[in-house]
Amino acid sequence: MANIEVPLRQNTLLESIKGDIEKRLVADQQVLNTLSITDERRYDILDILIKYSQSVPHPGNATSDGNGQDASTLERWQILAYVASVDLTLAKWFESHLDALSIFYEIGYAKPVKGLLAVWAAEGHPLSFKPDETNQQGQVHGTVNGTKAWCSGAHTVDYGLMTYRDKDARSQLLIVDMQQDGIAIDTSGWQAVGMQATDTATIDFDNVAAEQVGAANEYLDRVGFWHGAAGVAACWYGATVCLADYLIKAYQHKPNDFKAMYLGQVSMILAATQQSFYHVARLIDTQPQHSHELAIRQLRAHTEQVARQVLDAAGQALGAAPFCGNAHFARVAADLPVFIRQSHGAFDLQKIGELTAQSVSQLRSDSAHKRENIWQL
């Protein structure tokens, strides 16, 4: 249990990232806790993050710290959580960029790709790919036509990594250079107040050059699909902890019993969530060949619930002041409820129930185990 209670080792990469970002903010005479971030500053920080992105470990790609402990997944999540505490738009873009790099790594796509990447996997609009040629390296090139919705960073990214369904309804993956003719970006449908700055659009493609990445269904079937899904929850958690920190500081500045009560509630649920992240990161690092879908779905659903509870508790304890007078708090508080809707609500709970029942059946059929259910101590 001691391996789960505390971070396994100092995250030196995170410290370097924080140092560079905070130097940038100091140079702009900004204080993080009251940061009113501009697009220009956001892009400056994004450049810093991209510079470090190749050094961020992939989930389940652990290296030993010299004491027999592996921690790559936790270190990745710590970085995502920190970025989310600065700005959730940056976290949205950077998490997608890191996910694309991990997809390339897992699928074995070795072609160098520079700049900002995004993964656009929402389906429901017609999108088709017509292959033209397969080169000597086995890479399939062709043209893409149709529409892709919910594309964050549409004007910002250099390359989009997009899903589509082939004629046999199999999931396929394409990479598209966004600096081409035939691409029409429409942001008029993005009416969100929270996450407003994410540059989310519907994109139309008209005979745009694209390349197929990986084999049919490989994007969905790889275990890393779920490992990556947990990274989104790390962003939610980082923003949630940021809001909770305002409550701690308010209590320290002016203690009262009511603030202490709400702080106690927040402390209790965040401590349990923190342990869940440590536990799931350890699962991924020690058993990277498994998807851990049930544990990750549970982690995502739990983190979403905790985010809503902390947002409510902070509002009850602090009143309207930080929502109205602190640019950083107000932005995180507006962005977070939109970002956690990347969860799928009741559908996720349904899948958790189904996977739980399957796990119980497997447990009872294994004579080596004597437990009646998966929650028994």
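The structure is a predicted model, in which local features need pLDDT of at least 70 and side-chain atom pairs count only at pLDDT 80 or more, while totals for chains, interfaces and linings use all residues. Residues are numbered from 1 along each chain as its sequence is written, and side-chain values use heavy atoms, with hydrogens and water left out.

Let's start with the whole chain. The protein chain has twelve helices and seven strands (DSSP runs numbered from the N terminus: helices are H or I with at least four residues, strands are E with at least two). Its radius of gyration is 22 Å, close to the 21 Å that the globule rule gives for 377 residues, so the chain is as compact as a globular protein of that length. That radius is taken over C-alpha atoms, and the globule rule is 2.2 Å times the number of residues to the power 0.38. Along the principal axes, the C-alpha atoms fill a box of roughly 70 × 60 × 40 Å. Buried residues account for 49% of the 377; buried means under 20% relative accessible area, exposed means over 50%, and partly exposed lies in between (1.4 Å probe, protein chains only). Of the contacts (heavy atoms within 4.5 Å) between residues at least 6 apart in sequence, 71% join residues at least 24 apart.

| Residue | Relative accessible area | Class |
|---|---|---|
| Asp 87 | 0% | buried |
| Thr 240 | 1% | buried |
| Pro 112 | 73% | exposed |

Asp 87 sits in the loop between α4 (72-86) and α5 (88-107). Its side chain makes a polar contact with the side chain of Arg 42 at 2.8 Å, where a polar contact is a pair of N or O atoms within 3.5 Å (within protein, one must be able to donate a hydrogen and the other to accept it, and residues adjacent in sequence count only if both atoms are side-chain atoms). A polar atom of the Asp 87 side chain also lies 3.0 Å from the backbone nitrogen of Leu 90. Not counting residues up to four places away in sequence, Asp 87 touches Ile 37, Arg 42, Arg 331 and Asp 335.

Thr 240 belongs to helix α7 (residues 224-253). Leaving aside neighbours within four places in sequence, Thr 240 contacts Leu 270, Val 306, Ala 307, Val 310 and Leu 336.

Pro 112 is in the loop between α5 and β1 (117-120). Its C-alpha atom is separated by 28 Å from that of His 290, 178 residues apart along the chain.
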